[in-house]
Amino acid sequence: MLDTKDPVNKGDRNKIYFLIVVIAALLGTNGFLFLKDKHEKERFVTTNTEKDRLKLEVEKIEVEFDKVNAMNVTLTEKLQNEQLLARAKIAELKNALQKSQLTQGQLVAAQNELKELRIFIGNYKEDLSRLEKENTFLKSERDSLVKSVSSVNAKASVLEKRNSELSEKVKISSALKAFNVQLNAYKVKSSGKNIEVSKASAAQKLTANFNIIPNELASKDYHKIYLRVFDPTGNLIANENNMFEADGQEMQYSEMITISYNNDDTAYKMDWVNPKPFIKGTYSIILYANGFTMGKAAVLLK
């Protein structure tokens, strides 16, 4: 039997095997690179999606933080420092997420920082809410205190007014009042004897005689009695330097004496010498004591 010869020699066969191996290796490499590229694209998409989500979360937290800080609350030093820290952390996260690409490690770090920021903001909100409640309570207490003080002041004002009115009544009630006031004109003889006259040409002085109404409220002490004299034309005859206060105003007086009051039946008198000649008509006087009108009298000179 004749041997059948193989049309492909051994060397050619080895080349074919090698070529097959190379093709298989290339196919495997291409498949690996394809899968790797696909995985990288998927990971890149996932990374970008997570980065956008984190950006949105940071913006939400910032808006919420602004709303919290819009509350009309005066911050303590601790809350002021916490506010600055939160602002800095938000700015830091926003800057980190602005990068075009983030590594997986950077993304994880950003996620962790965002978690910490959420906890930080939550605690900050609780502290601020507690502070607001405390401020509301303190404001309520303050308003209540202001009301109480206002009420006390109002009562004190009423009492002060009543005391003032009472003091004025006591002052008026304790003032000396005259009765049986008589006014006479006299001329003085060379011997010093006083002669009562009714003619203006003969008169040299006026004398007021009076008694004082008994008054238990009046102090048993020295009291000043002021006399004002008016001529027939109604003009006051007084020295402009002689001033006193009565009936709530400053006045000039014609004469003044000091008496010792003992709440008894003592009779008093005041002499007034006219620095000018008397004229015909009615001369009138008003007596004052303790800042009030004490009594009045008049005399007609012919």
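Asn211 touches Lys177, Ala178, Phe179, Asn180, Asp265, Thr266 and Ala267, leaving out residues up to four places away in sequence; a contact here means heavy atoms within 4.5 Å. Asn211 sits in strand β3, and at 16% relative accessibility Asn211 counts as buried. Buried means under 20% relative accessible area, exposed over 50%, and partly exposed in between, with a 1.4 Å probe and protein chains only. This is a predicted model, in which local features need pLDDT of at least 70 and side-chain atom pairs count only at pLDDT 80 or more, while totals for chains, interfaces and linings use all residues. Residues are numbered from 1 along each chain as its sequence is written, and side-chain values use heavy atoms, with hydrogens and water left out.

**The chain as a whole**

- The protein chain has three helices and eleven strands; helices (H or I, at least four residues) and strands (E, at least two) are DSSP runs, numbered from the N terminus.
- Along the sequence, the pattern reads α-α-α-β-β-β-β-β-β-β-β-β-β-β.
- Of the 302 residues in the protein chain, 27% count as buried.
- Among the chain's contacts with a separation of 6 or more, 69% are between residues 24 or more positions apart.
- The protein chain exposes about 20,900 Å², and carbon and sulfur atoms supply 55% of that area; accessible areas come from the Shrake-Rupley method with a 1.4 Å probe, and for residues only the protein chains shown count as cover.

- The protein chain averages a pLDDT of 79, and 75% of the residues score at least 70; pLDDT is the predictor's confidence in each residue, from 0 to 100.
- Confidence is highest in strand β10 (residues 281-289), at a mean of 96, and lowest in helix α1 (residues 10-69), at 63.
- Over residues 38-45 the pLDDT stays under 50, and for this stretch the model has one contact beyond four places in sequence.
- Where pLDDT is low, the predicted coordinates should not be read in detail.

**More residues of strand β3**

- Thr207 also belongs to strand β3, and Thr207 is buried, with a relative accessible area of 4%.
- The side chains of Thr207 and Asp271 are joined by a polar contact of 2.6 Å. Such a contact is a pair of N or O atoms within 3.5 Å; within protein, one must be able to donate a hydrogen and the other to accept it, and residues adjacent in sequence count only if both atoms are side-chain atoms.
- Not counting residues up to four places away in sequence, Thr207 touches Gln182, Leu183, Asn184, Tyr186, Lys269, Met270 and Asp271.
- Phe210 and Ala178 are 32 residues apart in sequence, yet their C-alpha atoms are 6.2 Å apart in space.
- Beyond its neighbours within four places in sequence, Phe210 is in contact with several residues, including Ile225, Tyr268, Leu287 and Met294.

**Aromatic pairs**

- The structure holds seven aromatic pairs. Rings of Phe, Tyr and Trp (its six-membered ring) pair if their centres lie within 6.5 Å; planes under 30 degrees apart count as stacked, over 60 as edge-to-face and the rest as tilted.
- Phe210 and Tyr268 form a stacked pair, at 5.8 Å centre to centre and 25° between the planes.
- Phe210 lies in strand β3 (residues 205-212) and Tyr268 in strand β9 (residues 267-273), so the pair ties together parts that are 58 residues apart in sequence.
- Phe210 and Tyr268 are both buried.
- The rings of Phe244 and Tyr253 have centres 6.0 Å apart and planes at 75°, so the pair is edge-to-face.
- Tyr226, Phe244, Tyr253 and Tyr288 form one aromatic cluster. Within this group, Phe244 is buried at 5% relative accessibility, and Tyr253 is buried at 14%.

- Strands β6 and β7 (residues 249-252) run antiparallel and are joined by four bridges; two strands pair if DSSP finds at least two bridges between them.
- Met251 in β7 is the bridge partner of Phe244.
- Two residues lie between the strands of this hairpin, where Asp247 takes a positive phi near 55°.
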